[in-house]
Structure formats: C-alpha cells, structure tokens
Amino acid sequence: MSRKSAILDSAQSIVVREGTGALTLDKIASEAKVSKGGLLYHFSTKEDLVAALVARTIEYFDRDLARYHQSFGEHPGTHTRAFATATMEGQWAKDAGIAPRGLDLFATVSAAFSTSPELMEPLRNAYERWQNQVEEDGIDPVVATILRLAADGLWFTEMLGLSNFTPEQRQVILEKITQLATPPSEETSETEVKNSRQQ
C-alpha cells in the first residue's frame, strides 16, 4: 500500500472512531505514523485530503460499474442494471471506507462540502456522467432514471441506518430493479439460458 493510500485510510479510521470533529491534519499524521511534513507533502490542506477521498470513491465505483457492465454484456438496460448492482452490491463502498450504515465518512465528506462547496464538483460531474449513461441505455430514459434513483435511495437509507429490510428483502428489491431494466426480449433470452443450464 502506498503512503498516500495509508494516509487516506488513517483519515477514514479517525472519522469512524471519533467523528468528524477529530479530523485534523495533526491527528491524521499521528494516526498514519508520519510526520506533519510528510503528511503535507501529500496533502497540503484538509480540503485536499477530502478531495482525494472523494476522487478515490468515484474511481472505485467506476471500477465496479465497468466490471458489472462487462459481466452483463451489451444489451439495452445493461448500464442501468450495472449501476444498480454496483450501488447495492459493489466492492467500492467497502474499499472507500463506507461500510453499510457507515454514516461517519459520509458525514465527513458532507461537512467538508459545506465549508468548501467546490469539493462537490467532481462528484457532480461523476453523477452527470452516470446519469447520461443511464439515459442512453436503450430503454425508456425516465424508467432508467427512476431505477437509478431507487438504487441510490436504498443505499442512502441503509447508510443512514433507516432501512429495516432483511437481506432477503433487499435481494428481491435488487432483482426487481434489474428485471425492470431488462427489456422483455432480453429477459426471455436470459431465462432460456438459465433453464438450459439447469437441464
């Protein structure tokens, strides 16, 4: 692991353990076992560090999105299904330090955004790109958008600790989202493939 990644991980650990108020450069340097100068070599301000956390989260989500997109193949609705699956099942949140119900890191990023609104720009750009991909997915763009919002909504309620769905209910919801993103012809062909495998 690179020193830069270790510093980011240390920042995440502080927030999870002590909350957003404890996220100072001195505290991060101590947690990462680097000098203050060593920390400043990589991140000159707390805003720079939070921006790096945001960029890394976007990178991890894009990685999962590409992986699911490839596994689903090139069909209408594929990107919408990949977005929903990456949101609800992807590795990105764990790698980014946002475990299920991990409100702490999200709160940290939000707090930084409230003091430095420009830090929102990369995330806005990423969401605009993801939304464009969903709208150009070969299915009704309004339906695709609703499905994207449903996946986002479920994930955010889980992160805020507001979801009381069982794992089984959650899985049914994900399956329904992906089913609604699959045109009937594609859904039929997928069912036929599954049936042929069982024979």
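**Close-up views of a predicted model**

**View A. Contact of helix 9 with helix 10.** In helix 9, Val143, Leu147, Ala150, Ala151, Leu154 and Glu158 meet Arg170, Ile173, Ile177 and Leu180 of helix 10 (contact means heavy atoms within 4.5 Å; helices are DSSP runs of H or I with at least four residues, numbered from the N terminus). The residues of this contact divide into eight nonpolar, no polar and two charged, where Ala, Val, Leu, Ile, Met, Phe, Trp, Tyr, Cys and Pro count as nonpolar, Asp, Glu, Lys and Arg as charged, and the others, Gly among them, as polar. This is a predicted model in which local features need pLDDT of at least 70 and side-chain atom pairs count only at pLDDT 80 or more, whereas totals for chains, interfaces and linings use all residues. Residues are numbered from 1 along each chain as its sequence is written, and side-chain values use heavy atoms, with hydrogens and water left out.

**View B. Crossing of helix 9 and helix 10.** The axes of helix 9 (residues 141-159) and helix 10 (residues 167-180) come within 10 Å and cross at roughly 165°; axes are lines fitted to C-alpha atoms, for helices over the stretch in contact, and angles run from 0 to 180 degrees between N-to-C directions. Helix 9 and helix 10 are therefore roughly antiparallel to each other (angles over 145 degrees). The crossing of helix 9 with helix 10 is left-handed, that is, the near helix is turned anticlockwise from the far one by less than a right angle.

**View C. Crossing of helix 4 and helix 5.** Helix 4 (residues 46-72) and helix 5 (residues 78-89) have axes that come within 8 Å and cross at roughly 130°. Helix 4 and helix 5 form a right-handed crossing (clockwise in place of anticlockwise). The residues of their contact divide into seven nonpolar, five polar and three charged.

**View D. Burial of helix 5.** Eleven of the twelve residues of helix 5 are buried, so this helix is largely enclosed by the rest of the structure (buried means under 20% relative accessible area, with a 1.4 Å probe and protein chains only). Among the buried residues are Thr80, Ala84 and Met88.

View E. Ser30 is found in helix 2 (residues 25-32) and is exposed, with a relative accessible area of 54% (exposed means over 50%). Ser30 and Ser10 lie 20 residues apart in sequence and 9.0 Å apart in space, C-alpha to C-alpha.

Methods:
Helices (H or I, at least four residues) and strands (E, at least two) are DSSP runs, numbered from the N terminus. Angles under 35 degrees count as roughly parallel, over 145 as roughly antiparallel, 65 to 115 as roughly perpendicular and the rest as oblique.
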